[in-house]
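Work through the exercises below with the model open. Each task is followed by a stepwise solution.

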Amino acid sequence: MSTVVDRGLEGVVVGTTHLSNVEGAIGRLTYRGYDIDDLAPSATFEEIVHLLLYGHLPNRAELETLKRELGAQRSLPEPLLSAMQNVPKTAWPMDVLRTIVSGLALFSPVDARGEHVSDVHTAIELIAKMPTIVAAWDRVRRGLDPIEPRADLSQAANFLYMRSGKMSNGVEADALDTYFVLLADHSYNASTFSARVTASTRADLYASITAALATLQGDLHGGAATAAFRAISEVGSPENAEAYVRDTLSRGQRIMGMGHREYKVRDPRARHLEAMAKKLSEQASSRWYEIAHRMEEASRKVLQEKKPDNTIYANVDFYTAPVLADLGVPGDEFTCLFACGRIAGWTGHVLEQLADNRLIRPQASYDGPAPGPYVPLEKRDANGARN
Ligand code: COA
């Protein structure tokens with residue numbers, strides 16, 4: 001019997017989860033049974049953190065307790081802030097975020113076996129600190145002092161405050177909050193799977209989240225919004241959108257922020273992000289939304305011309321680009337902002353994995369040379385083969 005190789009694990013079910021469900025055929029995303037379409041306009045990110053970590057939406061007292069804990073956990077250990085001061089100012093924000101998150105383990109207590117505690121409180125610590133790291137590096141690389149987090153603000157409002165030193169207006173904080181809600185979880189996506197694989201070896205939360213961050217960075221995953229923003233900036237003006245799309249596709253390249261492994265219809269998160277992008281663009285009098293919108297229309301048109309039955313639509317990363325750009329976030333920090341939302345799901349998945357663990361260890365079909373004897377050094381030719 002021949003071995004079936006599923007490159008990319010497409011359609012392969014490798015585990016179960018209670019956290020979220022992606023129904024790609026109908027374009028529905030639910031967190032523990034709640035539709036993202038209902039959550040996005042109504043729920044705060046803190047409610048979603050509670051839903052994912054504790055299994056249910058919080059009552060008022062539970063929400064206040066969670067907010068207090070998040071607020072109390074936001075500050076970074078001083079040595080990590082000092083370490084950031086010594087990093088070259090050209091360092092990529094995702095490199096800094098991944099390194100400092102890994103560094104948090106150095107300041108976390110260990111038990112008698114030298115292990116860190118991986119529980120809901122460590123999860124909350126990581127959720128709380130992630131935006132502080134991103135905002136601190138944003139300022140340090142601009143030659144400014146980091147701003148201490150405020151415990152009384154939401155995750156979103158506090159991030160905007162730590163970046164700029166000013167209180168954002170309600171529209172901006174609400175937009176970022178909704179962005180975090182939309183990004184909070186997405187079943188076994190690549191970075192979450194990576195976190196679960198790491199946790200399945202009984203590595204701790206710090207290690208698992210570091211692995212997730214490493215996996216997020218590529219432009220087929222969390223790096224796509226940065227790539228989409230690069231494209232939108234290059235297009236520069238709405239009337240150039242179609243020519244750009246035609247040129248990109250004719251060179252066999254992809255339109256970043258389009259297409260999805262799971263969704264065969266438009267990503268449900270894109271609709272909410274598009275509405276936010278439109279609102280923010282109007283407020284900021286910017287052209288980002290208009291350019292993005294025209295690019296999406298042009299992509300649909302040109303892709304349809306090529307293949308009438310194609311199913312490539314805007315994904316979550318496409319309208320992330322104009323949203324974050326209009327919030328004043330630099331393009332190379334977009335993946336970090338993705339991480340500040342997805343950390344809720346990552347930590348939830350790691351705790352779920354640890355609660356019912358089985359080592360994740362798939363097989364590969366071997367395609368190398370047939371077994372043969374070891375070749376001693378003096379008998380090898382220039383290519384290392386037997387002479
Ligand atoms: N632009 C143009 N064509 C695209 C495309 C895009 N963004 N995404 C997929 N396609 C095309 C591929 O070229 C391929 O065409 P072919 O069958 O003629 O060769 C077909 O669609 C299938 O692509 P494939 O890469 O096999 O699908 P996948 O399930 O592995 O792709 C992504 C999923 C996300 C990797 C892919 O859509 C992509 O690269 N998108 C751009 C990056 C991005 O936005 N990533 C964030 C995802 S949330």
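**Exercise 1.** Classify the packing of helix H13 against helix H15 by angle and by handedness.

*Solution.* Step 1: locate the helices, which are DSSP runs (H or I, at least four residues) numbered from the N terminus. H13 covers residues 268-284 and H15 covers residues 316-326. Step 2: take the angle. In this predicted model the axes lie 8 Å apart, at an angle of about 25 degrees. Axes are lines fitted to C-alpha atoms over the stretch in contact, with angles from 0 to 180 degrees between N-to-C directions. Step 3: classify. Angles under 35 degrees count as roughly parallel, over 145 as roughly antiparallel, 65 to 115 as roughly perpendicular and the rest as oblique. H13 is therefore roughly parallel to H15. Step 4: the crossing of H13 and H15 is left-handed, meaning that the near helix is turned anticlockwise from the far one by less than a right angle; clockwise would be right-handed. Step 5: list the contact (heavy atoms within 4.5 Å). H13 contributes residues including Leu273, Met276, Ala277 and Leu280, and H15 residues including Val316, Tyr319 and Val323. By class, this contact has 10 nonpolar, 2 polar and 3 charged residues. Ala, Val, Leu, Ile, Met, Phe, Trp, Tyr, Cys and Pro count as nonpolar, Asp, Glu, Lys and Arg as charged, and the others, Gly among them, as polar.

The model is predicted: local features need pLDDT of at least 70, side-chain atom pairs count only at pLDDT 80 or more, and totals for chains, interfaces and linings use all residues. Numbering starts from 1 along each chain as its sequence is written, and side-chain values use heavy atoms, without hydrogens or water.

**Exercise 2.** How many cavities of 30 Å³ or more does the structure hold, and which residues line the largest cavity?

*Solution.* Step 1: a search of the whole structure finds 1. A cavity is a set of points on a 1 Å grid over the protein atoms alone where a 1.4 Å probe fits but cannot get out; lining residues have an atom within 4 Å of a point. Step 2: the largest cavity holds about 30 Å³, a volume being the space filled by probe spheres set on the points, which are joined across faces, edges and corners. Step 3: its lining is Gly259, His260, Tyr263, Val265, Arg266, Asp267, Thr311, Tyr313 and Ala314. They divide into 4 nonpolar, 3 polar and 2 charged.

Conventions. 1 Å grid on protein atoms, 1.4 Å probe; cavity = no way out; pocket = protein on both sides within 12 Å on 5 of 7 lines; lining within 4 Å. Helix = DSSP H or I, 4+ residues; strand = E, 2+ residues; numbered from the N terminus.
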